Amino acid sequence: MNSASELRCRICNAQGPHQQYRIREMMFGTREEFTYFMCRECGCLQIDHFPSDMARHYPKNYYSLSTNYRIPKGHGIMTPLVHWRTEAALFGKKLRLSRLVRPLVPLPEEIHEYGPMLKNAGISSFDARIVDVGCGARPFRLAAFKQLGFRRLLGIDPFIPGDTTFVGIPVLKRSIDALDEPCDLIMFHHSLEHIPDQLQTLKQASTLLVKGGFCLIRIPLVDSALWERYGTDWVELDAPRHFYLHSHDSIKRVAHAAGLTFKKVVFDSQAWEFLGSEQYRRNIAMRDPQSHFVDPDHSSFTKNEILEFKKEAEQINSAGRGGRAAFYFEKE
């Protein structure tokens, strides 16, 4: 363990002393401990050194490498009509056609989840080029975007076995540094916290974005009600895979240094964060046979407790205290 006074924050460059914590690996339940420190200046919680053997912490059953997400069903011969309706709903285009087909064609269900996200990111056309960084081999969000009508989609992830496609969408085994085509939207859905060099990664995203393009960063937030409540048992710590647990200040600092301007934040904590953290507090790992996430039918949590956790998640989101959030940054 490094001396607290020797540690220097990788985000704001503040020299220690910083508060240090010992955090267990609890997804797979090895309970191996890793040292993290919280910057006294910007509040970012970060691992004190990067393990040299990270591959062993991403086994084949790691969720983004193994999960069989639902593949959206196509619209068949109705596809053009669905896309007309979606264009009207998302961008205010082809309104007359949309009104004509409205009685025959419902809006795709994906629009309810992803429509607000796309609007927040300033997307105004199906021609937008969208890249999902760290998406795994089966980028379900991009598949949903394809259902809506988007055509220029790309997924990248350095940890997948090799280049592949998912429902016709190219998914490449590479990092963002290997890209060179201009983008309208670059998304990091809980992937940025896994990347060692935060500033260089966001600088590359900024370089790739067109003027007015957006970088969407969804991350866990350490200055949240969940960290205050659970401390080192907080499920989102996910040591050692999460190298950084940003604060509001630290993510804005590093994005600004990369040439990105903060526009909006949307909090999106869910009940499972309370469930997982309560389990870790009871020394039950995520993949333990007793885990609610392994065997929900025999969960130690009652339906009322789960409903209460859902209410608490909604409350902390409304109060701006959620443990997860989506940050929207613009290339201006």
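The largest cavity of this predicted model is lined by Ile23, Arg24, Met26, Met27, Thr232, Asp233, Trp234, Leu237, Asp238, Ala239 and Tyr280, where a cavity is a set of points, on a 1 Å grid over the protein atoms alone, at which a 1.4 Å probe fits but cannot get out, and where lining residues have an atom within 4 Å of a point. Its lining divides into seven nonpolar, one polar and three charged residues, with Ala, Val, Leu, Ile, Met, Phe, Trp, Tyr, Cys and Pro counted as nonpolar, Asp, Glu, Lys and Arg as charged, and the others, Gly among them, as polar. The volume of the largest cavity is about 60 Å³, a volume being the space filled by probe spheres set on the grid points, which are joined across faces, edges and corners. The count of cavities of 30 Å³ or more comes to one.

Residues are numbered from 1 along each chain as its sequence is written, and side-chain values use heavy atoms, with hydrogens and water left out. Because the model is predicted, local features need pLDDT of at least 70 and side-chain atom pairs count only at pLDDT 80 or more, whereas totals for chains, interfaces and linings use all residues.

Side chains of opposite charge can pair when their charged atoms come close. With a salt bridge taken as a side-chain nitrogen of Lys or Arg within 4 Å of a carboxyl oxygen of Asp or Glu, the count comes to 19 salt bridges. One of them joins Arg129 and Glu181, whose closest N and O atoms are 3.8 Å apart; the pair links distant parts of the chain, 52 residues apart, with Arg129 in strand S4 (residues 129-133) and Glu181 in the loop between strand S7 (169-172) and strand S8 (183-189). Helices (H or I, at least four residues) and strands (E, at least two) are DSSP runs, numbered from the N terminus. Arg129 is buried at 12% relative accessibility, while Glu181, at 42%, is partly exposed; buried means under 20% relative accessible area, exposed over 50%, and partly exposed in between, with a 1.4 Å probe and protein chains only.

A salt bridge of 2.5 Å, N to O, is formed by the side chains of Glu312 and Arg229, and because Glu312 lies in helix H10 and Arg229 in helix H7 (residues 225-230), the pair ties together parts that are 83 residues apart in sequence. Glu312 is buried, with a relative accessible area of 17%, whereas Arg229 is partly exposed, at 34%. The side chains of Glu330 and Lys263 also meet in a salt bridge, at 3.6 Å, N to O; this pair links distant parts of the chain, with Glu330 in strand S12 and Lys263 in strand S11, 67 residues apart. Salt bridges that share partners join Arg229, Glu278, Arg282 and Glu312 into one network.

Helix H10 (residues 303-318) also holds Asn317, which is buried, with a relative accessible area of 17%. Residues up to four places away in sequence aside, Asn317 touches Phe267, Asp268, Ser269 and Gly322, contact meaning heavy atoms within 4.5 Å.

In helix H8 (residues 248-257), the buried residues are His248, Ser250, Ile251, Val254 and Ala255. These buried residues pack against helix H6 (198-208), strand S9 (209-220), strand S11 (261-267) and strand S12 (324-330). After H8 comes Gly259, whose phi is positive, near 95°.

How values were computed
On a 1 Å grid over the protein atoms alone, a cavity is a set of points where a 1.4 Å probe fits but cannot get out, and a pocket is an open set with protein on both sides within 12 Å along at least five of seven lines; lining residues have an atom within 4 Å of a point.
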